[in-house]
There are 2 protein chains.
Amino acid sequence: MSTPRNTKAKQAVLNEINLSGYALSQPEIFDRVQGICDRVTVYRILDRLVRENKIHKIVNIDGTINYAGCNSCHEDHGHTHDHLHFSCIRCKKIECLEEQLIQVSLPDSYQIKELFLTISGICPSCSLT
Amino acid sequence: MSTPRNTKAKQAVLNEINLSGYALSQPEIFDRVQGICDRVTVYRILDRLVRENKIHKIVNIDGTINYAGCNSCHEDHGHTHDHLHFSCIRCKKIECLEEQLIQVSLPDSYQIKELFLTISGICPSCSLT
DNA sequence: AAATTAATTGCAATTTTGTTGCATTAAAAT
DNA sequence: ATTTTAATGCAACAAAATTGCAATTAATTT
């Protein structure tokens, strides 16, 4: 297998994701690292960071794909997506509510890999306005 | 408001969705109604069917948008997405498990509109091979 | 410190997916 | 049969993501 390298662009992308309080889309990330690298490179960095278990890939209720840092995931465990995502229909932001864990049981014929509970609605800051 | 009409294309699309045991993507639907209508028309029909509460719009774990028939939804109630979706990572199909209802409570500052619980993994038929 | 290896990047081209405007067609009501 | 307007086809457009390949550069080796 290949040995990952640490590049300026990769660090910048990871940094933006980790600093953000909510999950970012590829365009948002590209905006924030303006000038550092190409649009295509952002796509490839995101793929790699997901493969390396450094970030989460979350799908919004509208199908938009967003990326979030891992607070409670340990790299050595790999990822467990068994927590709740809140997807705001007003500001379109999506955030992880890591405290809320989910437990579901299905028939044995289903092999469960990951759980994605996404709740859509209005987030606290949008509720104020 | 506008009065919906029943066209051959609309009926064909709805039929394919209802006959399928799992949720279909726009390309899959377009394939199955080959020759009946234009690609653009399928998009517009799907939008309309969703608006008319005839079908579900479901987002797959990979961000793909799929459409499923409504078994347990009543048109007069509108739609409630409070059940479980199983999204197979092998065949990419997604199905509704309507028996499994979900209940979650969040802080009052979050206004909940819909719940989307998607479980990814291997579906029963892919498990066989 | 220089050379080597292969992971990473930039750029251009392409593909896929979804949208819009507008003239034409056809479903349903009169 | 006529009228109304929802629905369609087509062409053009726009957005989002992918691919190939040559050039670059991080990290390792000598």
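## Contacts and layout of chain A

In this predicted model, 56% of the contacts in chain A between residues at least 6 apart in sequence join residues at least 24 apart. Buried residues account for 30% of the chain's 129 residues.

Chain A is built from four helices and six strands. Reading from the N terminus, the order is α-β-α-α-β-β-β-β-β-α. The C-alpha trace spans about 45 × 45 × 25 Å along its principal axes.

## A look at helix α3 of chain A

Let's start with the length of α3(A). With 13 residues at 1.5 Å a residue, α3(A) should span 18 Å, and its end C-alpha atoms are 19 Å apart, which agrees. The buried residues of this helix are A:Val42, A:Ile45, A:Leu46 and A:Leu49. Because these four cover an arc of only 100° around the axis, they sit on the same side of α3(A). The general rule behind such a pattern is that an α-helix has 3.6 residues a turn, so residues three or four places apart point the same way.

What do the buried residues of α3(A) pack against? Their partners are α1 (8-19), α2, β2 (55-59) and β3 (65-69), which belong to chain A. On the face turned away from the buried side you will find the exposed residues A:Val40, A:Asp47 and A:Arg51. Just after the helix, A:Asn53 adopts a positive phi of about 60°.

## The surface near DNA strand D

Both protein chains take part here. There are 22 residues around DNA strand D, and those that come nearest are A:Asn6, B:Ala9, B:Cys37, B:Asp38 and B:Thr41. The elements giving two or more residues to this surface are α2 (26-32) and α3 (39-51) from chain A, along with α1 (8-19) and α3 (39-51) from chain B.

The largest share, five residues, comes from α3(B). By residue type, the surface near DNA strand D divides into nine nonpolar, seven polar and six charged residues.

## Where chains A and B meet

The contact between the chains draws 26 residues from chain A and 26 residues from chain B. On the side of chain A that touches chain B, the elements that give two or more residues are β4 (83-88), β6 (111-122) and α4 (124-128). Of these, β6(A) gives the most, with 12 residues. That side of chain A has 16 nonpolar, eight polar and two charged residues.

In which sense do β6(A) and β6 of chain B pair? The two strands run antiparallel, and their pairing extends over 11 bridges. As a landmark to look for in the structure, A:Glu114 stands opposite B:Ser120 in β6(B).

Definitions and conventions: Residues numbered from 1 in each chain as written. Chains lettered and ligands numbered in written order. Predicted model: local features only at pLDDT ≥ 70, side-chain atom pairs only at ≥ 80, totals over all residues. Buried ≥ 20, exposed ≤ 12 C-beta atoms within 10 Å, placed from the backbone. Contact = placed C-beta atoms within 7 Å. Near = placed C-beta within 6 Å. Nonpolar A, V, L, I, M, F, W, Y, C, P; charged D, E, K, R; others polar. Expected span 1.5 Å × (residues − 1). Arc of directions from axis to C-beta. Pairing = 2+ DSSP bridges.
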